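Reader: I am new to this structure. Please take one part of it, the second chain, and go through it closely, including how it meets its partner.

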Amino acid sequence: MEIEPSNHVHLTEHRDDEGQRMGMWIFLFTEVILFGGLFLVYAVYRNMHPVDFHEGSIKLNVVIGAINTIILLTSSYFVAMAVSSMQKGKVKQARTLLLLTILCAIIFLVNKFFEWQTKFHHGLFPGMEEFYKLSHGESLFFILYFFMTGLHGVHVIVGAVFIGFILRYIKKGKVNPVRYTLLENSGLYWHLVDIIWIFLFPLFYLII
Amino acid sequence: MEEEKRHIVGLDKNTLIWIDLLILTFVTISVAQFNFRSVTVIIALLIASTKSYLVITNFMHLKFESRMLKLMVGIAGVIFILILIALFLDYSAR
């Protein structure tokens, strides 16, 4: 009798779903440390220049910030539902929800683009002429604003690409209702991006 | 390898968390219209922390993970916050 090795692959396959998720959590810790350092710099400079930070904050558009907050929260909700759908075996629904998440990411970035464009127009980007007329504290505010929202924006792009890969894997059957840890991990990353924005929004847009 | 039994979060639960998050966003914007002086930042941070807690426990399913993973995230979180507070106090006291 001939033994076909391919028939035995799934029997000998070693999987550690929890270990995979734990690895993702450990990676997320390093992301938190990255942003944590920046939040610390923010805290120290805001403590030194409270009035200048308030003046800088007034120049930001709270409405766009609030809309972007709602968009990111909603996209997190979509990803959470995509995981539930996949667990229930509703693959098509999961794919639609992931597509909606990527759409949210794109809308977020478009808003960010217009927001930044306005700031560029007013010459508030470090290195522009108007920037050097700002007070010391206010220039620090805008350096931190551009750096932190910029770094967050990069994370939004990475998260959207990650989810794009998951969509491909679902199509190929590599991510399926039995094996969906990759989908969960992309969700974990996306939720972290959301959490970072949850802190960025009040700290930059809502300073009294 | 045997399948681990996983908890599936229902649509209603996810929607409830999403609505809570939207309400908290509305609260944080409304509160920022009033000046409570130094307390304003603390209120904003408390609301943001509450929102993060909701996302971590429910959307990120930490609620349904093993005790080991919960401990890991909890300890790392507490140490992280303590280090931030300690460094901030050090700088602001100079």
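Author: A nonpolar core here means a set of buried Ala, Val, Leu, Ile, Met, Phe, Trp, Tyr and Cys residues joined through C-beta atoms within 7 Å. That term is needed further on. The model is a predicted one.

Next comes the meeting with the partner. Contact between the chains involves 34 residues of chain B and 34 residues of chain A. On the chain B side, helix H1 (11–31), helix H2 (39–59) and helix H3 (67–92) each supply at least two residues. H3(B) provides the largest share of that side, 10 residues. By type, the side of chain B that touches chain A holds 23 nonpolar, 8 polar and 3 charged residues.

Now the core. The largest nonpolar core has 60 residues, and Ala82(A) and Leu200(A) touch the most other members. H1 and H2 of chain B each supply at least two residues of this core, as do helices of chain A, among them helix H4 (62–87) and helix H7 (181–205). The most comes from H7(A), with 16 residues. Leaving aside neighbours within four places in sequence, Leu200(A) is in contact with Met148(A), Thr149(A) and His152(A).

Methods. Residues numbered from 1 in each chain as written. Chains lettered and ligands numbered in written order. Predicted model: local features only at pLDDT ≥ 70, side-chain atom pairs only at ≥ 80, totals over all residues. Contact = placed C-beta atoms within 7 Å. Helix = DSSP H or I, 4+ residues; strand = E, 2+ residues; numbered from the N terminus. Nonpolar A, V, L, I, M, F, W, Y, C, P; charged D, E, K, R; others polar. Buried ≥ 20, exposed ≤ 12 C-beta atoms within 10 Å, placed from the backbone.
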